[in-house]
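Please keep the sequence and the 3D view open while you go through them.

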Amino acid sequence: FAVNENNNIVTIAGFYSSDKSFNVVGSVYGELDLEKNLMGKKGFSPFSLLFTEHIALEQPEKEETAVVKYNLHEVMANKDGGAIIIAEGYSERQADYYNAATQTYNKTKTYEYSNIVIANINASGRLSWEQTITKRQVSENDFGYYSSYQVADFDNKLHFIFNEAIKREPDVLQYYTVDKNSGDMYAWLLINALEDALIIPKAGIRVNDSRLVIPSLRKGKFSF
């Protein structure tokens, strides 16, 4: 949820599924007036068929493969009503194998952070636009330390930044902007000035709407 300080209304938003799977098919929205202590607009808005099919493609065909879950990360209240919802695909799986040389059993846990899903709900409580940032960050036995993203909100755009890859090209960052009015998206590749340095998005903090502080690690030393 998020609080719109302009009208003292709590915005409640999220995604829903039509069955027991983890495939999200639409958004749910509601408002609570803090002054009157009354519920306002509420309702469901289905995603477009193309968007729903795109999300469904992330799910594995084999049952033994980990299911991609979409974790709701943030609800941003729009100044004129409504909200923007941001979620990220996530899955993890574990493989056990026997090492004949050492005669021991070893475990490998794989963490995968995938696409970012953004949905804009307008002031009437209906879905205005939907957008997906495609990414696939895979790592092992590290709890996804260098994975995920950070986002800033300024100039009427959402600004996303994350490591383009974890195991290859560690000095390349991916940078996306999404227009809050139209949902139009633009992408850039940024070259990190510190060679072999990986940012740690989950450890970053948003100082204000337009400034992020994100630590990075290079050769065992932190930098900002």
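1. Is Glu92 buried, partly exposed or exposed? The model is a predicted one, and in it Glu92 has a relative accessible area of 33%, so this residue counts as partly exposed. The side chain of Glu92 meets that of Lys109 in a salt bridge, with 3.1 Å from N to O. This pair joins distant parts of the chain, since Lys109 belongs to strand β7 and Glu92 to strand β6, 17 residues apart. Lys109, with a relative accessible area of 27%, is partly exposed as well.

2. For the overall picture, the chain has 224 residues, of which 45% count as buried, and its secondary structure comes to 1 helix and 18 strands. Among the contacts in the chain with a separation of 6 or more, 48% are made by residues 24 or more positions apart. The accessible surface is about 12900 Å², and 51% of that area belongs to carbon and sulfur atoms.

3. The largest nonpolar core here has 16 residues, and within it Phe15 and Phe47 touch the most other members. Strands β2 (9–16), β5 (69–77), β6 (83–99) and β7 (104–121) each give two or more residues to this core. Apart from it lies another core of 14 residues, including Ile84, Ile116, Ile118 and Phe162. If residues up to four places away in sequence are set aside, the contacts of Phe15 include Phe47, Leu72, Ile85 and Val117.

4. Gly43, which has its place in strand β4 (residues 38–46), is buried, with a relative accessible area of 19%. Beyond its neighbours within four places in sequence, Gly43 is in contact with Ser27, Val28 and Tyr29. The C-alpha atoms of Gly43 and Val28 are separated by 5.9 Å, although the two residues are 15 residues apart along the chain.

5. Phe1, found in the segment before β1 (2–4), counts as exposed because its relative accessibility is 69%.

6. The structure holds 6 salt bridges, and one of them joins Arg206 to Glu74, with the closest N and O atoms 2.9 Å apart. Because Arg206 lies in strand β15 (residues 205–208) and Glu74 in strand β5, this pair ties together parts that are 132 residues apart in sequence. Another salt bridge is that of Asp153 and Lys180, at 3.1 Å from N to O. Asp153 lies in strand β10, whereas Lys180 lies in the loop between β12 (172–179) and β13 (185–191), 27 residues apart. Asp153 counts as buried at 18% relative accessibility, and Lys180 counts as buried at 16%. Arg93, Glu112 and Arg136 are linked in a network of salt bridges.

7. Which backbone angles call for a second look? Most residues other than glycine have a negative phi. Asp155, however, has a positive phi of about 55 degrees, and Asn156 has a positive phi of about 60 degrees. Asp155 lies in the loop between β10 (150–154) and β11 (157–163), and Asn156 is found in the loop between β10 and β11. Asp155 counts as exposed at 59% relative accessibility, while Asn156 is partly exposed at 37%.

Conventions
Residues numbered from 1 in each chain as written. Predicted model: local features only at pLDDT ≥ 70, side-chain atom pairs only at ≥ 80, totals over all residues. Heavy atoms only, no water. Helix = DSSP H or I, 4+ residues; strand = E, 2+ residues; numbered from the N terminus. Buried < 20%, exposed > 50% of the residue type's maximum accessible area, 1.4 Å probe, protein only. Contact = heavy atoms within 4.5 Å. Areas by Shrake-Rupley, 256 points an atom, 1.4 Å probe, with all protein chains shown as cover. Core = buried A, V, L, I, M, F, W, Y, C linked by side-chain atoms within 4.5 Å. Salt bridge = Lys/Arg side-chain N within 4 Å of Asp/Glu carboxyl O.
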